[in-house]
Amino acid sequence: MGLQLIFAVETNKTCKSDWIYIKDTIDRFYKCSANRLKLSTIYMNGKTNYRSKEKEVQSLINQYDRINNTSKVIYCIDCDNYDSKSDDKNFIDNIIKFCEEHDYECIWFCKDIESVYWGEKVSNNQKKNKAISFKKKRMIDNINEKNISVTTYKTNTSNILTILDKFIEQGTFERKGMNW
């Protein structure tokens, strides 16, 4: 029996920047059984498109689940200005509610994925190059594990490890050395 993790990410297929950070995080902090785990990606081309991706989600689930396998969907979103703009806060609340209603998980990045991994805002036209540089220079090794293992919103933090740790119990992941 295998598990497919479907990551719905904000970026588009051309840029793929979000997936670069997420995959680097998985590779750095987890040992994965390649024959028991499949990682799939859905590019939302903006987080407001999350509802329109249900057909694509169901298609990936149907393709994989046919032979005694299961799938889990994980939406990955930026918090943006959740602390100063009520529209951003309401959006986050809505997508979390959507995930709960569909039994999906939600990974968030405060305020955005680049601020979590770089510690600063990155302009849209630099996102792809910065992500490639991050991977090439193995900067994931410099990330403080505590900052990506949180449960409440705080600038430059994420719950990515908190969410991914849930799959350890299913025997799909094993955590590499705990550096707390």
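Let's start with the rings: Y21, F109, Y117, W118 and F134 come together as one aromatic cluster. Keep in mind that you are looking at a predicted model, so every value here is computed from predicted positions.

**Rings that pair up**

How many aromatic pairs are there? The count comes to 14. Y50 belongs to the loop between β3 (37-43) and α2 (54-64), while F98 is part of helix α3 (residues 86-101), so the pair ties together parts that are 48 residues apart in sequence. Are these two residues buried or exposed? Both Y50 and F98 are buried.

Now compare that with Y75 and Y104. Here the ring centres are 5.7 Å apart and the planes are at 25°, so this pair is stacked, because the angle is under 30 degrees. This pair also links distant parts of the chain: Y75 comes from strand β4 (residues 70-78) and Y104 from the loop between α3 and β5 (105-110), 29 residues apart. Y75 is buried, and Y104 is buried too.

| Charged residue | Ring below it | Distance to ring centre |
|---|---|---|
| R28 | F29 | 4.5 Å |
| K130 | W118 | 3.9 Å |

W118, by the way, is one of the members of the aromatic cluster we began with.

**The sheet**

Next up, the strands. In general, strands of a sheet pair through backbone hydrogen bonds, either parallel or antiparallel. In this model, five strands make an open sheet, running in the order β3-β1-β4-β5-β6, with mixed pairing. Which strands are at the edges? They are β3 and β6 (157-158), and each of them pairs on one side only.

Why does C76 count as buried? Its relative accessibility is 2%, and the cut-off for buried is under 20%. C76 and T11 are 65 residues apart in sequence, yet their C-alpha atoms are 9.8 Å apart in space.

**The largest pocket**

T11 turns up again here, as one of the residues lining the largest pocket. That pocket has a volume of about 180 Å³. Its lining is made of E10, T11, N12, C15, S17, D18, G46, D78, N124 and K127. Sort them by class and you get one nonpolar, five polar and four charged residues.

Most residues other than glycine have a negative phi, and most peptide bonds are trans.

The peptide bond from C110 to K111 is cis, with omega near -5°. K111 sits in the loop between β5 and α4 (113-118).

D80 isn't a glycine, but its phi is positive, at about 50°. You'll find D80 in the loop between β4 and α3, and its relative accessible area of 23% makes it partly exposed.

R138 also has a positive phi, near 50°, without being a glycine. It lies in the loop between α5 (127-136) and β6. With a relative accessible area of 46%, R138 is partly exposed.

Conventions. Residues are numbered from 1 along each chain as its sequence is written. This is a predicted model: local features need pLDDT of at least 70, side-chain atom pairs count only at pLDDT 80 or more; totals for chains, interfaces and linings use all residues. Side-chain values use heavy atoms; hydrogens and water are left out. On a 1 Å grid over the protein atoms alone, a cavity is a set of points where a 1.4 Å probe fits but cannot get out, and a pocket is an open set with protein on both sides within 12 Å along at least five of seven lines; lining residues have an atom within 4 Å of a point. Grid points are joined across faces, edges and corners, and a volume is the space filled by probe spheres set on the points. Ala, Val, Leu, Ile, Met, Phe, Trp, Tyr, Cys and Pro count as nonpolar, Asp, Glu, Lys and Arg as charged, and the others, Gly among them, as polar. Rings of Phe, Tyr and Trp (its six-membered ring) pair if their centres lie within 6.5 Å; planes under 30 degrees apart count as stacked, over 60 as edge-to-face and the rest as tilted. Helices (H or I, at least four residues) and strands (E, at least two) are DSSP runs, numbered from the N terminus. Buried means under 20% relative accessible area, exposed over 50%, partly exposed in between (1.4 Å probe, protein chains only). A charge sits over a ring if NZ of Lys or CZ of Arg is within 6 Å of the ring centre and within 35 degrees of the ring normal. Two strands pair if DSSP finds at least two bridges between them.
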